[in-house]
Amino acid sequence: MGGRRVAAAVAGVAALVATAATAAGGATKPHSPSTSTTTAPTTTTVPLPAPPPPVSPGGSVTWQPTGRSVVGQPVLYVASYGAAGLAWMHPKLVRPTVVPGAGDPGGPWPWGGQVAPDQQPFLVAAFNGGFKWFDFSGGVVAFGRAFRDLAPGIASFVVFADGSFTVGMWGRDVNPALNVVAVRQNLGMLVDGGAPTPAAGAPGNWGASVAGVATMRSGLGVDANGGLVWAGGRLSPLDLANALIAGGAVRGMQMDINPDWVNFNEYDPGPDGVVHGSRVYGATGTDRYLHPDGRDFVAIFIRGTVLTGSADKVGTPALHADLHI
């Protein structure tokens, strides 16, 4: 990634209230008594952006909102499709972060394989990453640095500096005008154009399974509105593709597989003010990702948002330096 540079940390939430005051001093006319004219200070309020219009998950499944809401809108929905569990995350109100594990890929990295304690109050959900570093081609970008070069043609989960995100083929589906701050590559495309790719029907393309073709698998996709779709279950690769499509995904990729790794947790603050996890899918601990984990994962935070009609903010701005690619 020779020509890339690490930029300064992303500024906080834009469009706060600004106040400008001006005062004009007195002026004296020739051959007349001295007079003083003072212009009263004026206050200018920068218009605040309206919250994003309501967005709902699509697909053919029945979604249910769960967990917290932001500006009156749920940010996380869950559903099921056959043997698969599904989750959908709001395209405008959450900000994902790729978090390398304590040992994989190729650390050490910031946060030490967990969600940093000062960021846990903003945490909405977290889920497993992709294959171990020696089991996939491509790279990982996180916290302003890269692990291996990103490979063209590889399925990629991509996060931009404004908090938006996508899933697509690197070199084809990423808007070059946007600043990329995080990437997790893994294998090839599993869903493309709203349909399973031809490779989805060939299980040998999708990693070594400990339980036959139908093992615990997870996948990540993006829907037509930009919402993030996660799917997981004991599935074949083609079943996983169909589960993502049922959740509305138009493009999708396989993430990690096998029972020890596939997991999706929701996080909410408890009465004690501490954030606690609850299992949406998988069996690897409700507070996983709040403590050091050896493997990489994706954490979903409330995106920094200005509340309409005030200067109050919810959520978190960018969490780390931008890596411009």
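Buried means under 20% relative accessible area, exposed over 50%, and partly exposed in between, using a 1.4 Å probe and protein chains only. This is a predicted model, where local features need pLDDT of at least 70, side-chain atom pairs count only at pLDDT 80 or more, and totals for chains, interfaces and linings use all residues. Residues are numbered from 1 along each chain as its sequence is written, and side-chain values use heavy atoms, with hydrogens and water left out.

**View 1. The protein chain as a whole.** Of its 325 residues, 49% count as buried. The protein chain has one helix and 24 strands (DSSP runs: helices are H or I, at least four residues; strands are E, at least two; both numbered from the N terminus).

**View 2. The largest nonpolar core.** A nonpolar core is a set of buried Ala, Val, Leu, Ile, Met, Phe, Trp, Tyr and Cys residues joined through side-chain atoms within 4.5 Å. The largest has 76 residues. M89, F127, F157, L220, L228, W230 and I300 have the most contacts inside it. Strand β21 (residues 297-302) gives the most to this core: six residues.

View 3. N186 sits in the loop between β13 (180-185) and β14 (189-192). N186 is buried, with a relative accessible area of 0%. Its contacts (heavy atoms within 4.5 Å) include G130, F131, I154 and M253, leaving aside residues up to four places away in sequence.
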